[in-house]
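Reader: Here is a structure with its sequence. Please go through it with me in questions and answers.

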Amino acid sequence: MKFAKYLLSDLHPGQEAVIDAVHADEALHHRLAALGFRIGRSVLLLRRGIWAGPLHVRLGATDVMLRRAEAGLISVRSK
Amino acid sequence: MKRIALLGMPNTGKSTLFNRLTGSSARVANWAGVTVDLASAKILLGGHMAEVVDLPGIYDLHGFSDDEKVVRHFLEAHPIDLVAIVVNATQIERQLPLVLQARSLGLSAVLLLNMADEAKRQGMQIDTARLAARLGFPAVLISAKYGLGQAEALCTLAQTVDTFVESVPVRYGILKSVLSDDARIERETAEMMTEAVSIPVQLSERISDRIDRLALHPWFGLPLFFIAMMLMFQAVYWLGVPLQTGLAQIFDELRQVVLEPLAAMLPDFLHSLLLDGVFAGFVTVAAFVPLIVLFFLFMALIEDSGYLARAAFLTDALMARLGLDGRSFVMVLMGFGCNVPALMGTRVMRERPLRLLSMLVIPLSLCSARLQVFMFIISAIFTPVQAPWVLFGMYLMSFVAMILTALLFRKRFRSNEPFVVELPPWRLPMLRQVWMRGWLEVHHFLMRATRFIVFGVIAVWLLTHLPLGVAPGSPETLAGHLGRLFAPVLAPIGIDEKLTVALLFGFVAKEVMIGAFAVIYGLSGDALVHEFAHSMNWLHAISFMLFTLIYTPCISAIATIKVESRSMRFAALSVVWPLILAWSTSFVFYQGVRWMTSATG
């Protein structure tokens with residue numbers, strides 16, 4: 001499973017991956033990029049909120065929470 | 001005069017820096033071309049006066065949020081001599097693109113790398129000289145929180161602003177053309193990072209992460225948060241009530257010993273207007289100020305620690321089911337202080353339906369002005385043991401009203417707003433900063449309140465004393481007539497004619513209500529409390545409080561809703577819906593309890 005592909009929303013807590021593509025509309029694309037979701041950057045999933053709550057991820061020195069729907073727009077591959 | 005704009009992303013400590021630079025001289029004003037108010041202040045900079053403007057925090061100069069539009073419009077409409085770009089040094093890699101965007105505007109600039117203390121603790125090294133050489137303008141490491149590097153920053157700002165001769169507004173053409181250069185910006189960011197910044201490969205587990213493991217725990221996170229909030233309200237209550245009683249006694253003494261003898265020579269009419277009207281009304285409200293100060297201080301403490309952002313994470317799943325999101329919940333909490341800033345806080349939301357739905361629920365949060373009214377009534381009617389529980393019940397009802405409103409209106413205000421929010425690390429709040437923030441809030445609150453209170457109590461006095469010649473507060477006065485006019489509506493929910501007048505003025509500002517009580521009954525201090533205890537029982541009291549909690553946003557809140565929603569119809573909805581909800585709630589409660597007690601006894 002060397003370059004297995006998934007979505008950010010599929011990661012387990014503690015799992016790290018590299019961002020492959022961001023499939024968001026222009027506005028969201030800008031916001032995601034400004035928060036550090038850029039292609040090639042690595043992202044660590046810290047925790048998933050209960051009751052299908054948001055995900056807590058870390059990009060470098062920035063922590064971000066985002067809903068599973070938005071995380072589903074981001075393709076990642078294993079490191 | 002030179003004009004300096006502070007530009008930066010949210011959570012960079014930009015406002016902390018602004019407060020530090022300007023002290024308490026800041027004022028909030030309207031700027032041409034911009035729909036919102038911006039804070040600005042004049043400071044002495046290198047021998048000249050300069051005006052510093054705090055722009056809203058933005059992620060991107062070509063973003064689509066209201067705040068991002070505000071910044072663009074501001075830059076187009078107003079000449080800027082210098083833009084001070086504030087960056088969170090620990091996140092420099094992510095924030096450099098905004099710096100480069102700003103640079104391409106062609107303005108004179110200085111880069112302020114804030115939170116340098118945190119960056120150093122994390123083992124980061126930033127070579128400001130190299131960075132400055134690449135950027136073409138100075139870069140300074142600072143810590144706005146601790147005041148580090150402030151002298152150097154001021155000095156650099158002064159020098160840079162002096163070398164620049166001419167200031168012109170940014171033309172939209174330039175703004176547009178420079179903003180489509182993402183690839184170049186990304187490349188340049190990467191180059192600068194390699195040249196000027198070194199980051200330790202493996203960050204050790206931060207204390208912040210350890211706190212998060214508990215605070216964001218799947219099962220304990222939410223209960224812990226509510227326990228923390230309850231403790232805060234308890235603390236405000238236990239610390240605040242003695243202060244309030246003490247202050248009320250001092251005002252009473254002041255009246256007996258100083259004012260009564262002084263006013264003795266005045267004609268009756270004026271004597272009564274000044275002492276029973278203005279003085280009694282005003283001090284009844286003023287006695288609650290320490291309580292409000294405490295409340296805002298605690299809120300600032302919680303906000304600065306980073307707990308509010310966690311609250312957004314913890315509650316988002318629940319809020320999503322109500323058609324809202326975690327940020328709406330944070331705004332509601334802010335609304336417990338004052339609804340007005342909470343309503344303005346919804347600007348971070350991009351989609352209109354989500355903003356509107358948030359603005360519809362926020363006025364239902366039990367703001368500190370309503371808290372004053374409830375504290376007053378509760379302490380008059382209930383025992384000290386019952387009191388905290390009754391108050392807790394009111395907070396609970398505040399949530400129930402919000403949930404009900406959201407469930408009813410979520411279909412009408414359906415949105416697809418993405419929820420992507422930064423989670424700043426836990427930080428130890430600085431006393432000085434909490435104090436500054438708390439004080440600023442209190443200041444705004446008092447400005448709003450005093451304007452209405454003096455006007456309100458005078459108007460109430462006139463209503464309860466005119467026409468001349470009738471007994472004050474009697475059914476023959478204007479107030480009596482007004483009371484009878486509303487009696488068919490308010491009698492079924494147990495609200496008598498005297499309280500009706502107070503309710504009418506609560507529409508102006510809720511804190512006028514207790515001022516109005518004092519004027520209507522012609523009493524203040526202990527005497528007023530006793531009169532209250534005699535004239536209503538617990539059933540009337542709770543029905544009245546339920547109605548007061550929900551019935552209508554105050555004038556300032558309605559004006560804010562009108563401005564923020566840019567819709568008269570929505571503003572009208574935000575008044576009419578709570579009125580209906582308030583009346584129905586009180587009716588069900590009042591008649592329900594009466595029916596049950598008559599059925600059982």
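Author: Helices (H or I, at least four residues) and strands (E, at least two) are DSSP runs, numbered from the N terminus. This is a predicted model, in which local features need pLDDT of at least 70 and side-chain atom pairs count only at pLDDT 80 or more, while totals for chains, interfaces and linings use all residues. Residues are numbered from 1 along each chain as its sequence is written, and chains are lettered from A and ligands numbered from 1 in the order in which they are written.

Reader: In which helix of chain B is Leu549(B) found?

Author: The element in question covers residues 538-550 of chain B. Leu549(B) is found in helix α24.

Reader: Is Leu549(B) buried or exposed?

Author: A residue is buried if 20 or more other C-beta atoms, placed from the backbone, lie within 10 Å of its own, exposed if 12 or fewer, and partly exposed in between. Leu549(B) has 24 other C-beta atoms within 10 Å, so Leu549(B) is buried.

Reader: With which residues is Leu549(B) in contact, leaving aside its neighbours within four places in sequence?

Author: Two residues are in contact if their C-beta atoms, placed from the backbone, lie within 7 Å. On that basis the partners of Leu549(B) are Leu366(B), Arg370(B), Met394(B), Met397(B) and Ser398(B).

Reader: How far apart in space are Leu549(B) and Tyr395(B)?

Author: In sequence, 154 residues separate Leu549(B) from Tyr395(B). From C-alpha to C-alpha the distance is 9.2 Å.

Reader: What radius of gyration does chain B have?

Author: The radius is taken over C-alpha atoms, and the globule rule is 2.2 Å times the number of residues to the power 0.38. For 601 residues a compact globule would have a value near 25 Å, and chain B agrees with this at 27 Å.

Reader: How far apart are the centres of domain 1 and domain 2 of chain B?

Author: Domain bounds come from an automatic or database domain assignment. This divides chain B into domain 1 (2-198) and domain 2 (223-413 + 439-600). Taken over C-alpha atoms, the centres of domain 1 and domain 2 of chain B are separated by 40 Å.

Reader: Which element gives the largest share of the side of chain A that touches chain B?

Author: In the interface, 25 residues of chain A are in contact with 21 residues of chain B. Two or more residues on the chain A side come from α1 (26-35) and from β5 (62-66) of chain A. The largest share, 7 residues, is given by α1(A).

Reader: Which residue of β10(B) is the bridge partner of Val64(A)?

Author: Two strands pair if DSSP finds at least two bridges between them. β5(A) pairs with strand β10 (residues 420-422) of chain B in the antiparallel sense, over 3 bridges. There the partner of Val64(A) is Glu422(B).

Reader: Over how many bridges do β4(A) and β5(A) pair?

Author: Strand β4 (residues 55-59) of chain A is mostly covered, with 4 of its 5 residues buried. β4(A) forms a hairpin with β5(A), with 2 residues between them, and Gly60(A) in the turn has a positive phi of about 60°. β4(A) and β5(A) pair in the antiparallel sense, over 5 bridges.

Reader: Which residue of β4(A) is the bridge partner of Arg48(A)?

Author: Strand β3 (residues 42-48) of chain A pairs with β4(A) in the antiparallel sense over 4 bridges. Their hairpin has 6 residues between the strands, and Trp51(A) takes a positive phi near 55° there. In β4(A), Arg48(A) is bridged to Leu55(A).
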